[in-house]
Amino acid sequence: MTLIVIDGKSTFHPLLGRDWLDVLYPEWRQFFENEVAEVDQSENLEEPIETFEASVVLKEDARPIFYRPYEVPFALQEKVSSELDRLVREKILVPVKHSEWASPIVVVAKADGSVRICMDCKVTVNKAICTEHYPLPNISDVFANLSGYRYFAKIDLQGAYMQVRVSEDSQNYLVINTHKGLFAYQRLPFGISNAASAFQFIMTEGILKGVEGVQCYLDDILLGSETVEGLVDKIHEVLGRLKEFKVKVNLEKSEFLVKKIAYLGHQVSEKGLSPSEEKVKRS
């Protein structure tokens with residue numbers, strides 16, 4: 001192994017590079033995986049985020065809209081039924097017999113052969129919602145706050161909005177009409193016009209408030225530091241916050257201790273920004 005010895009007058013902290021760590025302590029990367037393992041990373045979303053909940057507030061003159069279900073192709077009905085059953089088991093949906101509000105669902109086929117159920121809110125409740133005004137981060141500000149960093153980590157959150165409980169009153173407006181009947185969302189569904197603002201507020205002003213060197217854009221948390229030691233401290237702090245509030249992490253999509261990272265369509269590194277490889281391929 002190559003070792004560089006520096007004869008300097010200033011005080012500094014020597015660091016072992018990854019090539020040395022791979023030889024002396026081959027399992028060093030598992031240190032971070034074990035840390036994440038203490039945070040719930042299961043796909044089961046039965047337990048929502050603690051302490052926080054979202055609400056849907058309607059305009060004073062709002063009138064209920066009950067929409068009939070869209071037709072689901074016969075070939076997909078069994079998969080849709082299975083997905084509805086899963087969402088009920090995980091307490092994301094609850095069956096209801098009566099409702100003044102009802103939205104149809106749109107079924108999206110996923111790459112693994114399963115389906116995603118999306119509430120089509122634009123024809124119903126989105127017309128009546130009072131818009132929340134908590135802004136999403138400006139992309140240029142996100143990257144500007146990461147300038148000067150050499151090491152990065154990215155933590156992906158499992159299920160995003162589906163981890164957020166909605167108030168009981170709000171559940172009356174978040175009802176879907178399906179070939180199996182009516183179901184009310186107990187969590188914040190995709191498609192609601194204020195979902196992004198509500199989720200961003202919870203993460204920024206609640207769970208991650210006061211943590212420096214951390215950028216959160218919806219379900220992606222990006223950390224940066226000039227040193228490995230500084231980044232490790234931030235990872236500890238962020239994972240501690242997520243564990244405290246029972247926020248679930250997707251380990252497969254998370255990255256730790258890297259010098260460049262793909263984020264919001266760009267490659268972030270100490271050299272600045274460049275288009276991500278996927279973006280270049282698409283162009």
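## Cysteines

A disulfide is taken here as a pair of cysteine sulfur atoms within 2.5 Å. By this rule the structure has 0 disulfides. Cys130 is partly exposed, at a relative accessible area of 33%, and Cys216 is buried, at 9%. Buried stands for under 20% relative accessible area, exposed for over 50%, and partly exposed for values in between, with a 1.4 Å probe and protein chains only.

## Basis of the values

The model is predicted: local features need pLDDT of at least 70, side-chain atom pairs count only at pLDDT 80 or more, and totals for chains, interfaces and linings use all residues. Residues are numbered from 1 along each chain as its sequence is written, and side-chain values use heavy atoms, with hydrogens and water left out.

## Nonpolar core

A nonpolar core is a set of buried Ala, Val, Leu, Ile, Met, Phe, Trp, Tyr and Cys residues joined through side-chain atoms within 4.5 Å. The largest one has 69 residues, and Ile155, Ile221 and Leu242 have the most contacts inside it. Helix α6 (residues 195-207) supplies the largest share of this core, 6 residues. Helices (H or I, at least four residues) and strands (E, at least two) are DSSP runs, numbered from the N terminus. In soluble globular proteins, nonpolar side chains tend to be buried together.

Contact means heavy atoms within 4.5 Å. With neighbours within four places in sequence left aside, Ile155 is in contact with Asp219, Asp220, Ile221, Leu223, Val238, Leu239, Leu242, Val249, Ser254 and Phe256.

## Ser170

Ser170 lies in helix α5 (residues 168-171) and is buried, with a relative accessible area of 1%. Leaving aside neighbours within four places in sequence, Ser170 is in contact with Ala54, Ser55 and Val56.

## Salt bridges

A salt bridge requires a side-chain nitrogen of Lys or Arg within 4 Å of a carboxyl oxygen of Asp or Glu. The count comes to 9. In one of these, Lys246 pairs with Glu50, the closest N and O atoms being 3.2 Å apart. This pair links distant parts of the chain, 196 residues apart: Lys246 is in the loop between α7 (228-244) and β11 (249-258), and Glu50 in the loop between α2 (30-37) and β1 (53-54). Lys246 is partly exposed at 34% relative accessibility, and Glu50 is partly exposed at 33%.

Lys154 and Glu255 form a salt bridge with an N to O distance of 3.9 Å. Here too distant parts of the chain are linked, with Lys154 in strand β5 (residues 151-157) and Glu255 in strand β11, 101 residues apart. Lys154 is buried at 12% relative accessibility, whereas Glu255 is partly exposed at 30%. Shared partners join the salt bridges of Glu47, Glu50 and Lys246 into one network.

Glu83 and Arg86 also form a salt bridge, at 2.6 Å from N to O. The two residues are separated by about one helical turn, because they are 3 residues apart in helix α3 (residues 74-89). Glu83 is buried at 14% relative accessibility, while Arg86 is partly exposed at 28%.

## Helix α7

The expected span of a helix is 1.5 Å times one less than its number of residues. For the 17 residues of α7 this gives 24 Å, in agreement with end C-alpha atoms that are 24 Å apart. The buried residues of α7 are Gly230, Leu231, Val232, Lys234, Ile235, Val238, Leu239, Arg241 and Leu242. Just after α7, Lys246 takes a positive phi of about 60°.
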